[in-house]
Amino acid sequence: GGARGTAKRRSDMKLTFKYLDIKGLGEPIRLALTVGGLPFEDVRLSYDDVVALKGVAGDLTKHNGSPFGQVPVLEIDGSPFGQSGALLRWVGRECGLYPSGMKQLRVDMVEDTLADVRRVMAPNWYKNALARKPKDGKLPRSTMLSEQQVASVRWMVQEEYLPERMWQIERLLMQEKDPDANGWFVCGKELSIADLSLYVMLEGLLGICPKANTYCKGITAEKALMHCPRLVRLIKEVAKHPKIAAWNKEKWGKHYDEGTGGVTADLHFQKLGLNLRPKPKTEPKKEAEPVNPLKFLLIVALYLVLMILVVQFILPGRTGGFNTPKAGQSKGSAHGGGEL
């Protein structure tokens, strides 16, 4: 009875999904709806459209289509709902892509880890220590970051945060001893929302669909996936899903890099595959963090100021001053006349 009730409720729902014309945070939800066979209207918004959704002028008690002033938004029978994580889990549950029990824990662990990755990427997205202000969508001027600060964030994410997070997910996948028999996904043979999220993020960070999915400009996942053959295979398996392959060809085909074969180029992993190798058991020597030139110049300037103070005030006091008497000259005369 429960299955028939769910099917009837799903068939009666009118779904409208609103997001920017990029993959980003909205694409896992689109893919979940597509794989699950839930018909939906796919509305692509401009940034001006997003601003228009935020609020109703003159009435703070109302919004104009986005409950939290952000996208994505999923309208269910005309009622709008927001927050990408909540939408992905709801769609996943409706479509059989969000399991229960211990498998749900595995999915949630991966989703929360990817959320951690997105948080450290945010300063690179916005060139700001904070995200857009929830009221008007503008970036606060007082927390803007310099190009050097953004470059430091980008380096740290690519060299430290992303490789370690991807390795942690790889270790989770390695718990399955026979993936050829039992499946390559987070939950074995069962595709889940976690697989869709991994696919969209890592496809973007590998530059596979650069015109629609850079995900985080200036950051690549090639180093992060160097020791992660299970993750690489997972992404390939997601891309080969018939409904996802058809969706990519229909919706994004023109955005893939045709010079490398587009969506038929085995997702560019030929190049990456040459670099895959086992993770060393001992920690390799870390590369030094890039030197911030402004910090270096400040240290030099402080050093010079300190040296000037030492020469002007400390050394003269210890030596009795620089007006020491010349040879054959009395100490008194050296001070301009001696005793009176």
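**Salt bridges and a helix**

Glu27 and Arg30 are both buried, where buried means under 20% relative accessible area, exposed over 50%, and partly exposed in between (1.4 Å probe, protein chains only). This is a predicted model, in which local features need pLDDT of at least 70 and side-chain atom pairs count only at pLDDT 80 or more, while totals for chains, interfaces and linings use all residues. Residues are numbered from 1 along each chain as its sequence is written, and side-chain values use heavy atoms, with hydrogens and water left out.

The two residues sit in helix α2, three residues apart, about one turn of the helix; helices (H or I, at least four residues) and strands (E, at least two) are DSSP runs, numbered from the N terminus.

Another one, at 2.4 Å from N to O, joins Glu159 and Lys223. Glu159 is in helix α6 and Lys223 in the loop between α8 (193-205) and α9 (229-240), so this pair ties together parts 64 residues apart in sequence. Glu159 is buried at 19% relative accessible area, whereas Lys223 is partly exposed at 34%.

Where does α6 bend? The bend is at Val157, by about 45°, taken as the angle between axes fitted to the seven residues ending there and the seven starting there.

Technical notes: Salt bridge = Lys/Arg side-chain N within 4 Å of Asp/Glu carboxyl O.
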